[in-house]
Amino acid sequence: MKASELRTKSVDELKQELLDLLKAQFGLRVQVATQQISNTSQLGKVRRDIARVRTVLREKAVQQ
């Protein structure tokens, strides 16, 4: 997910996206722990997306 796409979303949509990403991260962490995941790079992608969403949320909070 690109930051430009995130900037077009509202604060509520960003919060929902963050919750979804955190749930996905938890699921991936469980899969890594139980050795059920074949592509471990997914975890890194989700972590970066979480950071992007949090950054955009912080930007929106500063603007207001």
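Me: Where is Asp12 found, and why does Asp12 count as exposed?

Reply: Asp12 is found in helix α2. A residue is called buried under 20% relative accessible area, exposed over 50% and partly exposed in between, with a 1.4 Å probe and protein chains only. Asp12 has 60% relative accessibility, which is over the limit, so Asp12 counts as exposed.

Me: What are the numbering and the values based on?

Reply: Residues are numbered from 1 along each chain as its sequence is written, and side-chain values use heavy atoms, with hydrogens and water left out. The model is predicted: local features need pLDDT of at least 70 and side-chain atom pairs count only at pLDDT 80 or more, while totals for chains, interfaces and linings use all residues.

Me: How do you know how confident the predictor is in the protein chain?

Reply: From pLDDT, the predictor's confidence in each residue on a scale from 0 to 100. Its mean for the protein chain is 93, and 100% of the residues reach 70 or more. Where pLDDT is low, the predicted coordinates should not be read in detail.

Me: What makes a stretch of the chain a helix, and how many helices are there?

Reply: Helices are DSSP runs of H or I with at least four residues, strands are runs of E with at least two, and both are numbered from the N terminus. The protein chain has three helices and zero strands. Its order from the N terminus on is α-α-α.

Me: Why does Leu6 count as buried?

Reply: Leu6 is found in helix α1. Its relative accessibility is 0%, which is under the limit for buried, so Leu6 counts as buried.

Me: What makes two residues a contact, and which ones does Leu6 have?

Reply: Contact means heavy atoms within 4.5 Å. Leaving aside neighbours within four places in sequence, Leu6 is in contact with Met1, Leu14, Arg52, Val53, Val56 and Lys60. The C-alpha atoms of Asp12 and Leu57 are 45 residues apart along the chain and separated by 9.7 Å.

Me: What makes a set of residues a nonpolar core, and which residues make up the largest one?

Reply: A nonpolar core is a set of buried Ala, Val, Leu, Ile, Met, Phe, Trp, Tyr and Cys residues joined through side-chain atoms within 4.5 Å. The largest has 12 residues in all, including Leu6, Leu14, Leu28, Ile37, Leu43 and Val46. Helices α2 and α3 (41–63) each supply at least two residues of this core, and the largest share, six residues, comes from α3. In soluble globular proteins, nonpolar side chains tend to be buried together.

Me: Which residues does Leu28 touch, not counting residues up to four places away in sequence?

Reply: Leu28 touches Ile37, Gln42, Leu43 and Val46.

Me: Why does Gln25 count as buried, and why does Gln35 count as exposed?

Reply: Gln25 lies in helix α2. Its 16% relative accessibility is under the limit for buried, so Gln25 counts as buried. Not counting residues up to four places away in sequence, Gln25 touches Leu43, Val46, Arg47 and Ile50. Gln35 is found in the loop between α2 and α3. Its 72% relative accessibility is over the limit for exposed, so Gln35 counts as exposed. Gln35 also has a positive phi of about 60° although it is not a glycine.

Me: How many residues of the protein chain count as buried?

Reply: Of its 64 residues, 25% count as buried.
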